[in-house]
Amino acid sequence: MDSRTPRAVPDGDTLKQLQTARSILQQSRRTAVFSGAGLSAESGIPTFRDPDPQSLWARFDPMKLASIEGFNANPQRVMDWYDWRRTQLAEVAPNAGHIALAEHRELLHVTQNVDNLLERAGVAPHRIHHLHGEISRNRCVAECGFEQEIALENPPGLVPCPQCGRQVRPCVVWFGEALPQTVWQAAEKLCRRVDCLLVVGTSASVYPAAGLIGLARECGSRIIEINPAAGEADPAADVELRGGSAQILPPLLHGLQLQG
Ligand code: NAD
């Protein structure tokens with residue numbers, strides 16, 4: 001789906017929830033967005049954990065493809081899988097949800113997404129904290145300091161690190177790995193200070209990232225959740241907007257003056 005896709009007409013309950021959420025957003029002096037794979041689902045990028053048979057972990061074994069053990073066992077298989085995801089990402093476009101968020105330039109983003117669809121919608125890269133890394137970058141497996149932006153449509157494949165000769169790997173956080181410390185600390189600081197956290201398209205089941213929702217709540221933030229399905233973020237939410245983010249975000253954010 002892209003920004004030109006016609007939108008479903010919301011029912012009465014959804015309209016009421018939308019109004020409540022808009023009024024929370026209007027009163028908030030500092031709003032941030034916490035997003036997950038669902039934000040990019042309507043662009044055609046599969047999520048990880050949906051019951052949908054297209055979701056990535058329904059089709060692939062995460063430990064073989066997203067762990068250092070899996071990489072060490074078969075680096076070519078892992079790099080091929082990431083390169084397949086990269087070419088898939090190159091072929092899709094930001095959806096109406098990304099675009100609605102990007103129109104509010106003052107917003108800060110904490111995302112679990114490794115894609116670059118927020119950037120391609122127009123969000124300034126320095127306003128996005130990528131908790132789980134970026135699929136559009138490679139880095140050295142030996143952490144010699146080498147890191148590089150790559151062409152999504154033509155990734156280099158499994159190549160040696162030009163600095164130290166070991167292999168390069170995707171610049172994403174794998175199972176069992178720590179989150180990048182500076183990114184994590186900035187995200188934590190932000191979530192302690194917001195008045196409103198817009199939680200979009202996440203199952204809120206991957207930690208420590210999902211803990212940021214509870215942290216914001218404990219620090220007094222209101223929580224607005226957008227997700228077509230019930231999930232683990234629900235207990236923290238002041239308002240739950242049930243639907244796809246490409247459907248909900250445009251009417252939710254239209255015409256608001258938000259402060260980030
Ligand atoms: P997840 O797969 O665990 O959950 C996806 C969530 O999105 C579900 O709650 C689902 O109900 C919801 N969803 C599905 N369609 C939606 C839509 N149209 N609008 C709004 N919500 C929708 O994803 P997660 O919570 O981000 O899990 C974490 C991991 O998945 C992260 O580590 C992230 O790095 C990784 N991931 C990223 C991408 C990406 O970059 N696009 C894609 C797949 C997975």
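In the predicted model, arginine 86 and aspartate 83 lie three residues apart in helix H6 (residues 75–91), and are therefore separated by about one helical turn. An α-helix has 3.6 residues a turn, so residues three or four places apart point the same way. The two side chains form a salt bridge, in which the closest N and O atoms are 3.0 Å apart. Both arginine 86 and aspartate 83 are buried. This pair belongs to a total of 10 salt bridges found in a search of the whole structure.

Another of the salt bridges joins glutamate 149 to arginine 137, with an N to O distance of 2.9 Å. Here the partners come from distant parts of the chain, 12 residues apart: glutamate 149 is in strand S5 (residues 147–149) and arginine 137 in strand S4 (residues 133–140). Glutamate 149 is partly exposed, its relative accessible area being 48%. A network of salt bridges links Arg137, Glu147 and Glu149. A salt bridge is also present between glutamate 143 and arginine 139, where the closest N and O atoms are 3.8 Å apart. Glutamate 143 is exposed, at 63% relative accessibility, whereas arginine 139 is buried, at 17% relative accessibility.

Strands S4 and S5 take part in an open sheet of three strands, which has the order S5-S4-S6 and antiparallel pairing. The edges are formed by S5 and strand S6 (168–172); each has a single partner strand, so one side of each is left without a neighbour in the sheet. On average, neighbouring strands of this sheet are turned by 40° against each other, direction ignored. S4 and S6 run antiparallel and are joined by five bridges. Cysteine 140 has valine 168 in S6 as its bridge partner. Helix H6 packs on the sheet and touches S4 and S6, with its direction at about 140° to that of S4.

No disulfides are found in a search of the whole structure. For cysteine 164, the closest cysteine sulfur is that of cysteine 140, at 3.5 Å, which is too far for a bond because a disulfide requires sulfur atoms within 2.5 Å. The sulfur of cysteine 144 has its closest cysteine sulfur in cysteine 161, at 3.6 Å, again too far for a bond. Cysteine 164 is partly exposed, with a relative accessible area of 37%, and cysteine 144 is likewise partly exposed, at 32% relative accessibility.

A separate set of pairings involves strands S1, S2 and S3. Strand S1 (residues 31–35) runs parallel to S2, and four bridges join these strands. Serine 35 stands opposite threonine 111 in S2. S2 also pairs with strand S3 (residues 128–130), in the parallel sense and over three bridges. In this second pairing, threonine 111 stands opposite histidine 130 in S3. Within strand S2 (residues 108–111), Leu108 and Val110 point one way and His109 and Thr111 the other way; all are buried.

The largest nonpolar core comprises 26 residues, and those with the most contacts inside it are Leu101, Leu198, Leu241, Leu249, Leu252 and Leu253. At least two residues of this core are supplied by each of helix H1 (12–27), helix H7 (96–102), strand S7 (196–200), strand S8 (222–226), strand S9 (239–241) and helix H11 (245–253). A second, separate core contains 24 residues, including Phe34, Leu197, Ala204 and Ile213. Leaving aside residues up to four places away in sequence, leucine 241 touches Gln17, Leu18, Ala21, Ile224, Glu225, Ile226, Asn227, Ile248 and Leu252.

Helix H11 is mostly covered, with seven of its nine residues buried. The buried residues of H11 are Ser245, Ala246, Ile248, Leu249, Pro250, Leu252 and Leu253. Their cover includes H1, helix H2 (38–41), H7, S7, S8 and S9. Just after H11, glycine 255 adopts a positive phi of about 80°.

Key
Residues numbered from 1 in each chain as written. Predicted model: local features only at pLDDT ≥ 70, side-chain atom pairs only at ≥ 80, totals over all residues. Heavy atoms only, no water. Buried < 20%, exposed > 50% of the residue type's maximum accessible area, 1.4 Å probe, protein only. Pairing = 2+ DSSP bridges. Salt bridge = Lys/Arg side-chain N within 4 Å of Asp/Glu carboxyl O. Core = buried A, V, L, I, M, F, W, Y, C linked by side-chain atoms within 4.5 Å. Contact = heavy atoms within 4.5 Å. Axes fitted to C-alpha atoms, helices over the stretch in contact; angles between N-to-C directions.
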